[in-house]
There are 2 protein chains.
Amino acid sequence: MAAEQDPEGLAAARPLLTDFYQATMALGYWRAGRARDVADFELFFRRCPFGSAFTLAAGLRDCVRFLRAFRLRDADVQFLASVLPPDTDPAFFKHLRTLDCSEVTVRALPEGSLAFPGVPLLQVSGPLLVVQLLETPLLCLVGYASLVATNAARLRLIAGPEKRLLEMGLRRAQGPDGGLTASTYSYLGGFDSSSNVLAGQLRGVPVAGTLAHSFVTSFTGSEVPPDPMLAPASGEGPGVDLTANTKMWLERVCAILGLGVQEPHPGERTAFVAYALAFPQAFQGLLDSYNVRRSGLPNFLAVALALGELGYRAVGVRLDSGDLLQQAQEIRGVFRTIAAQFQVPWLESVPIAVSNNVDEKELTRLSQEGSEVNVIGIGTSVVTCPQQPSLGCVYKLVSVGGQPRMKLTEDPEKQTLPGNKVAFRLLGSDGSLLMDLLQLAEELPPQAGQELRVWPRGAQEPCTVRPAHVEPLLQLCIQQGQLCEPLPSLAESRALAQLSLSRLSPEHRRLQSPARYQVALSEKLHALVDSFHVEGLP
Amino acid sequence: MAAEQDPEGLAAARPLLTDFYQATMALGYWRAGRARDVADFELFFRRCPFGSAFTLAAGLRDCVRFLRAFRLRDADVQFLASVLPPDTDPAFFKHLRTLDCSEVTVRALPEGSLAFPGVPLLQVSGPLLVVQLLETPLLCLVGYASLVATNAARLRLIAGPEKRLLEMGLRRAQGPDGGLTASTYSYLGGFDSSSNVLAGQLRGVPVAGTLAHSFVTSFTGSEVPPDPMLAPASGEGPGVDLTANTKMWLERVCAILGLGVQEPHPGERTAFVAYALAFPQAFQGLLDSYNVRRSGLPNFLAVALALGELGYRAVGVRLDSGDLLQQAQEIRGVFRTIAAQFQVPWLESVPIAVSNNVDEKELTRLSQEGSEVNVIGIGTSVVTCPQQPSLGCVYKLVSVGGQPRMKLTEDPEKQTLPGNKVAFRLLGSDGSLLMDLLQLAEELPPQAGQELRVWPRGAQEPCTVRPAHVEPLLQLCIQQGQLCEPLPSLAESRALAQLSLSRLSPEHRRLQSPARYQVALSEKLHALVDSFHVEGLP
């Protein structure tokens with residue numbers, strides 16, 4: 001059904017999706033005879049987003065697709081020639097035509113892993129010119145994916161495991177592919193489904209949806225369905241005229257609710273009947289086109305009960321305005337009354353879906369104890385990440401030809417950690433996460449049960465730690481251009497994300513003022529950083 | 001060079017880039033025999049973003065491309081069949097395969113026009129089922145484009161006409177195409193160029209860039225360029241060893257600046273020489289990899305002066321950290337000193353480019369009287385629109401079969417304006433913008449010089465206005481699927497945006513607490529809205 005193969009969904013992610021300075025630097029390296037020097041870059045972020053203590057790593061699947069297809073076409077090289085100086089040596093452009101990622105090696109945090117500041121999400125090694133060109137597209141593919149996955153994870157933590165979360169932010173995304181990326185990675189971060197059909201088709205995200213006000217308001221009540229007859233769900237017995245039966249049920253419902261039978265809008269009812277004829281097994285009503293209590297709700301009930309007689313059960317109602325929590329309580333109350341009155345117990349538990357600018361605060365309210373809301377549609381607040389719309393990932397050179405490199409700069413936050421590194425997660429005996437450790441690749445890995453002296457980042461003094469378990473963090477993903485093993489499916493990465501979050505201690509997982517999760521340097525790495533500070537400016 | 005034809009740049013914008021409920025409603029319309037009813041939708045927003053009183057209309061060129069290519073392929077219909085109920089009538093899917101936009105008509109505000117709340121950016125008419133399906137993709141294509149263009153326009157207004165603004169936010173965008181959209185429309189809104197090469201190739205946006213710290217830190221100083229010789233700019237005379245000449249100039253520069261000749265980082269200098277050998281006509285230096293004053297600046301000057309001897313002029317320096325304004329003053333001072341000392345007057349005015357999380361506040365500082373900053377690179381703040389990351393456009397049904405439709409709802413802000421409408425801009429005798437007027441299509445257009453009674457939105461009473469000039473706002477863009485005339489180029493739309501903004505009065509144009517621009521309804525339209533309130537709930 002859904003296809004992870006995606007020949008077009010990432011069409012915009014091609015080699016020229018890069019900053020122009022990557023092309024000018026490429027020429028600089030080439031002219032300096034350094035195009036094929038072996039270089040190592042690390043992609044990481046400096047602070048977790050939204051005030052969280054954690055980030056979810058995401059975007060790797062898009063990076064892998066991009067790297068495997070990386071090749072400059074003639075038209076690309078011609079375009080570069082048109083914007084680089086006219087006296088550029090033609091041999092440079094010839095060289096560009098030969099480039100691919102067949103000599104590139106990538107280590108990565110698996111998608112859905114917890115990521116922390118300074119710990120690489122990706123380590124990219126290969127010819128200097130090529131791995132430099134990869135900077136912008138990799139940042140573009142990892143940054144927003146990890147941001148929106150983390151945002152979705154926060155919303156899932158607020159909502160708890162029971163509420164169904166529907167991402168519906170395509171219309172608020174940064175253009176077409178912004179929407180595709182958002183839908184994919186909010187699912188990874190913990191949403192249940194997306195309204196975005198293309199994300200279903202290309203990425204296998206479960207798709208879901210209801211109906212819009214335009215469908216309801218497009219009917220006046222004078223429309224006559226070409227075929228108003230509906231057969232029973234069992235397939236046995238004669239069909240009935242759903243319009244006529246709905247009318248009959250409306251009278252009964254209005255009598256119980258104390259409404260005049262003229263009050264519910266006839267166009268809305270006709271729209272609901274039309275929808276029910278198209279979706280007898282999946283009928284749902286959007287209640288607030290005119291007036292929820294006096295129109296939307298009785299019209300929905302009339303159609304649902306008429307369908308119920310035929311053995312069909314309505315699957316939901318939706319609200320898109322007003323006080324969502326309060327209305328859900330009232331609607332549930334009405335459902336219970338009507339269910340009791342007509343002995344249709346299934347009606348009591350028809351899911352109530354809500355939407356309308358739901359953000360973290362409103363979601364907290366909708367998820368409180370006793371809330372009758374079952375499904376929550378979130379668009380803008382998940383897709384645009386309004387609390388912090390970018391993650392600020394960076395991609396930094398850490399060594400060339402095996403020699404460590406460091407950007408010193410006068411701004412301490414912008415300094416980088418030099419050298420080829422490996423990363424470990426240190427755990428306590430109860431499996432709790434203690435800290436992440438960065439050390440040089442040449443060092444022996446830390447041993448479970450042995451005491452280590454490490455330098456927590458930002459601390460002036462070292463400390464000791466005795467991990468009960470040690471987990472290596474970065475996995476070899478692409479070796480010399482070859483994918484080492486198939487990537488997990490999106491659903492598997494989604495499961496890993498939920499597992500990863502469950503292992504995080506409550507003080508690191510909480511969303512407001514969480515405890516900071518420590519990332520530490522080995523003594524040797526710390527000494528290397530120090531040596532740059534001393535020798536950096538000779 | 002650049003190609004507006006764009007077979008792949010919008011590959012993600014295809015018919016399934018839509019919310020699932022559009023597909024369910026399509027089935028509902030079809031089952032109700034209403035698929036081919038003629039319907040009219042309007043796309044508009046309810047509030048201008050960022051506290052501005054204006055918005056720039058943008059995204060139309062992407063909508064036109066999308067609509068002209070709109071056609072569901074077999075694979076698309078098969079996917080829809082896999083997510084719609086299994087008992088769906090196969091004739092529905094047959095119908096889907098026949099769909100295109102050959103019966104769709106679009107009126108639109110030209111890109112770069114001023115847009116105001118409630119005034120349609122697009123009016124879309126055609127078969128109900130088709131124009132319903134278009135909702136999400138059109139919202140996706142217009143919403144962010146208009147948002148980022150407006151954001152860019154604000155930044156341009158702050159910077160004034162002289163500063164060069166470079167958009168460099170690709171790495172902070174919502175995935176690949178989010179970046180492409182951002183680069184395209186921030187150019188439309190007033191930026192001079194983008195770092196995004198793909199936006200240059202596919203959209204004709206001027207591309208620009210400098211170099212990154214990784215280029216600088218990749219050199220230690222021990223590297224020897226394969227060919228250190230550079231010929232004079234004139235092409236006449238012998239070449240010189242640029243490395244050797246740079247060393248010589250470094251001594252002179254250090255002597256004047258009171259620095260030891262060992263202080264400037266040799267790796268940084270080697271990087272600059274490498275860059276200069278690749279770009280003798282376009283040499284620029286990134287000054288803050290180690291230390292601006294003691295390393296970046298003297299190294300840059302040494303290379304620039306060595307190049308100068310050969311008749312080449314450096315094109316710029318860039319700073320990416322620290323107090324950008326303050327450093328720019330100091331650097332300009334050093335340029336002046338050195339220019340006077342060595343009688344190289346061109347050095348005085350070498351452009352200073354800055355970047356580093358520049359937002360509206362910092363841009364205001366950098367643009368103040370006397371600032372020595374010439375070029376400002378902005379990424380996150382333009383692309384993610386952090387002050388308000390979505391515009392909140394909506395797409396509402398206003399009539400079916402010529403009969404007006406209205407969503408009443410209990411939330412007054414979410415009510416729509418019914419009926420087929422036309423929009424006019426009313427101007428004073430000095431060409432100033434007075435207000436926008438919405439009226440029914442059947443009404444006579446307002447006449448210049450004649451007094452009108454209108455209902456400003458939100459007002460309880462009508463008012464009179466006598467416009468000296470009247471401009472119709474919406475242009476017929478696509479008639480029955482045919483493009484009526486070629487769209488303006490992106491550069492032309494950019495020019496229109498600047499012209500539009502210049503016509504806005506200062507009180508509407510100012511960015512903080514601007515006066516609200518009035519949008520009014522004709523008496524007849526106002527009466528129609530009223531009639532719905534009376535009759536809406538029978």
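Into which domains is chain A divided? In this predicted model, chain A has a domain 1, made of residues 9-156 together with 388-536, and a domain 2, covering residues 209-378.

Now let's turn to chain B and its strands. Strands of a sheet pair through backbone hydrogen bonds, either parallel or antiparallel. In chain B you can find an open sheet of 7 strands, in the order β15-β14-β1-β5-β3-β21-β22, and its pairing is antiparallel. At the edges sit β15 (403-404) and β22 (482-483) of chain B, each of which pairs on one side only. To follow one pairing, look at β1 (residues 38-45) and β14 (residues 393-400) of chain B: these strands are antiparallel to each other and share 7 bridges.

Helix α2 (residues 60-69) of chain B lies across β3 (105-108), β5 (122-127), β21 (475-479) and β22 of chain B, and runs at about 20 degrees to β21(B).

How do the chains relate to each other? Two copies of a chain are related by a rotation about an axis and a shift along it. Here, chain B is superposed on chain A by a rotation of 180 degrees with 0.0 Å of shift along the axis, giving an RMSD of 0.1 Å. That is the relation of a two-fold axis. The copies meet through the same surface, because 100% of the interface residues of chain B are also interface residues in chain A.

Let's zoom in on one residue of chain A. Leu133(A) belongs to helix α5 (residues 128-133) of chain A. Its relative accessibility is 9%, so Leu133(A) counts as buried. Among the residues that Leu133(A) touches are Thr18(A), Phe70(A) and Leu99(A). The C-alpha atoms of Leu133(A) and Asp19(A) are 8.5 Å apart, although 114 residues separate the two along the chain.

Finally, what about disulfides? A disulfide is a covalent bond between the sulfur atoms of two cysteines. Over all chains, a search finds 0 disulfides. For Cys140(A), the closest cysteine sulfur is in Cys63(A), 9.5 Å away, which is too far for a bond. Cys140(A) counts as buried because its relative accessibility is 1%.

Conventions. Residues numbered from 1 in each chain as written. Chains lettered and ligands numbered in written order. Predicted model: local features only at pLDDT ≥ 70, side-chain atom pairs only at ≥ 80, totals over all residues. Heavy atoms only, no water. Domains from an automatic or database assignment. Pairing = 2+ DSSP bridges. Helix = DSSP H or I, 4+ residues; strand = E, 2+ residues; numbered from the N terminus. Contact = heavy atoms within 4.5 Å. Axes fitted to C-alpha atoms, helices over the stretch in contact; angles between N-to-C directions. Least-squares fit on C-alpha atoms with pLDDT ≥ 70 in both. Buried < 20%, exposed > 50% of the residue type's maximum accessible area, 1.4 Å probe, protein only. Disulfide = S-S within 2.5 Å. Lists of a residue's contacts leave out its neighbours within four places in sequence.
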